[in-house]
Amino acid sequence: MLQAFADFVTFKLFKLLPSSRLGTALDFFINDTLKIFIMLAVIIFLVSLIRSFFSPERTRKILSQKKEFVGNVLAALLGIVTPFCSCSAVPVFIGFVEAGVPLGVTFSFLISSPMVNEVALVMLWGMFGWRIAAIYIATGVIVAIVGGVIIGRLKLEHLVEEYVYDIKMGESELAAMTWRERVDYAWSYVVDILKRVWLYVIIGIAIGGFMHGYAPANFLVKYAGPGSWYAVPLVVAIGVPLYSNAAGIIPIVNVLFEKGMALGTVLAFMMSVTALSLPEMIILRKVLKPKLIGIFVGILTVTILFVGYLFNWIMH
Amino acid sequence: MKVKILGSGCSNCAKLEKVVRQAIDDLGIVADVEKVQDVAGIISYGVMSTPALVIDEQVKLVGKVPNRVRMVEILKEALPQ
């Protein structure tokens, strides 16, 4: 139906030829934009409904009695469904520490939460299909578990700012939400996200559509194919300053993939965009000493590089 | 009535403050609006997701911004009988 609409606008309304480059590019652009916006609205609504049953406060309670490993696995999974924005990273971190959640388990949560986010999920699903979206989620959860376990084993509690251990958390009981409140919450979240990402989505798909129509097929195989040793670290470095722009990046990455970029390189790029973010490190500096931030970034970078090379090696 | 807005300068915290002030005007009541921005203060209310709304030392909302109509309802419920 979307394809029919895109065809109608491109070929009937604008009278472009289906064989022309501009025609294919515009057709592709209209179809993808509509598809992504519909998916964003529907999936984010559903994800937010699920999330209304979880809260950082509740996740804290669940994790407080957990030990290493089981705790890391739970934290990585709860990171997906717990509503969390990096602006709350400091209170969440302190709350977890205060509840006796082990440091490594807290990090599993802090890694998984931004990495496996709903916008990245929708964009990957819409542009790459559900298989690659599922691979991304599973790999993201594993990276969060491994990263957290390593940080836990290193015994770095002394690298947390001392004042954190002095803060006492209060208790508060909130009435459970009614279904109407849940629906309102989910809907307002959809509007919020769409307002934030719509422009990036359109720009990303427009650039993607342009490249799809104009760039020669397979031109990236040589530089970013599975045999390229430098592509993985290069995309990880490029991904760091692109924080929170999964919405605009994924359509472009999709075309890079189509033109020959290897799957491992794609996954490493996405993870670096979502998980390695400068603003979040600056926020976490309030509770972590610089050395611990360095170790955190180092472990994440190495794990992401490993994911990239591993998948490139499997697919080669 | 004492209203506190918990949150350290996120964009939603500013939104919540605006809605609270509008709702107070709509009801024509007198209320103190105070911002709690330090983490220790926020956490002491048992809250981790910001912004949060506290009325007369009772946590009413955590991690979300209601619309103006809903905010008026919340304030009305909290008014002393």
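1. Which pattern does chain B follow, read along the sequence? The pattern is β-α-β-α-β-β-α. Chain B has 3 helices and 4 strands. Here helices (H or I, at least four residues) and strands (E, at least two) are DSSP runs, numbered from the N terminus.

2. A word on the basis of this note. This is a predicted model, in which local features need pLDDT of at least 70, side-chain atom pairs count only at pLDDT 80 or more, and totals for chains, interfaces and linings use all residues. Residues are numbered from 1 along each chain as its sequence is written, while chains are lettered from A and ligands numbered from 1 in the order in which they are written.

3. Chain B in outline. Its radius of gyration is 12 Å, close to the 12 Å from the globule rule for 81 residues, so chain B is as compact as a globular protein of that length. The radius is taken over C-alpha atoms, and the rule is 2.2 Å times the number of residues to the power 0.38. The C-alpha trace of chain B spans about 30 × 25 × 15 Å along its principal axes.

4. Chain A in outline. Chain A has 15 helices and 0 strands. Its radius of gyration is 21 Å, close to the 20 Å that the globule rule gives for 316 residues, so chain A is as compact as a globular protein of that length. Its C-alpha trace spans about 70 × 50 × 30 Å along the principal axes.

5. Where the chains meet. The contact takes 20 residues from chain A and 16 residues from chain B. Two residues are in contact if their C-beta atoms, placed from the backbone, lie within 7 Å. On the side of chain B that touches chain A, helix H2 (39-43) and strand S4 (58-62) of chain B each give two or more residues. H2(B) gives the most, with 4 residues. By class, that side of chain B has 10 nonpolar, 5 polar and 1 charged. Ala, Val, Leu, Ile, Met, Phe, Trp, Tyr, Cys and Pro count as nonpolar, Asp, Glu, Lys and Arg as charged, and the others, Gly among them, as polar.

6. Annotated spans. The unreviewed UniProt entry marks "transmembrane region" in chain A, including residues 103-125 and 197-217. Such annotations may be inferred rather than shown by experiment, and positions follow the numbering used here. Residues 103-125 of chain A are 91% helix and 0% strand, with end C-alpha atoms 33 Å apart. For residues 197-217 of chain A, the figures are 86% helix, 0% strand and 29 Å.

7. H2(A) and H9(A). Helix H2 (residues 21-51) and helix H9 (residues 179-214) of chain A pack at about 160 degrees, with axes 8 Å apart. Axes are lines fitted to C-alpha atoms, for helices over the stretch in contact, and angles run from 0 to 180 degrees between N-to-C directions. H2(A) is therefore roughly antiparallel to H9(A), a label for angles over 145 degrees. Their contact has 22 nonpolar, 6 polar and 3 charged residues.

8. H12(A) and H13(A). Helix H12 (residues 246-258) and helix H13 (residues 263-275) of chain A pack at about 170 degrees, with axes 11 Å apart. They are therefore roughly antiparallel. A:Ala246, A:Ile249, A:Val253 and A:Phe257 of H12(A) meet A:Val266, A:Phe269, A:Met270, A:Val273 and A:Thr274 of H13(A). This contact divides into 8 nonpolar, 1 polar and no charged residues.

How values were computed. Angles under 35 degrees count as roughly parallel, over 145 as roughly antiparallel, 65 to 115 as roughly perpendicular and the rest as oblique.
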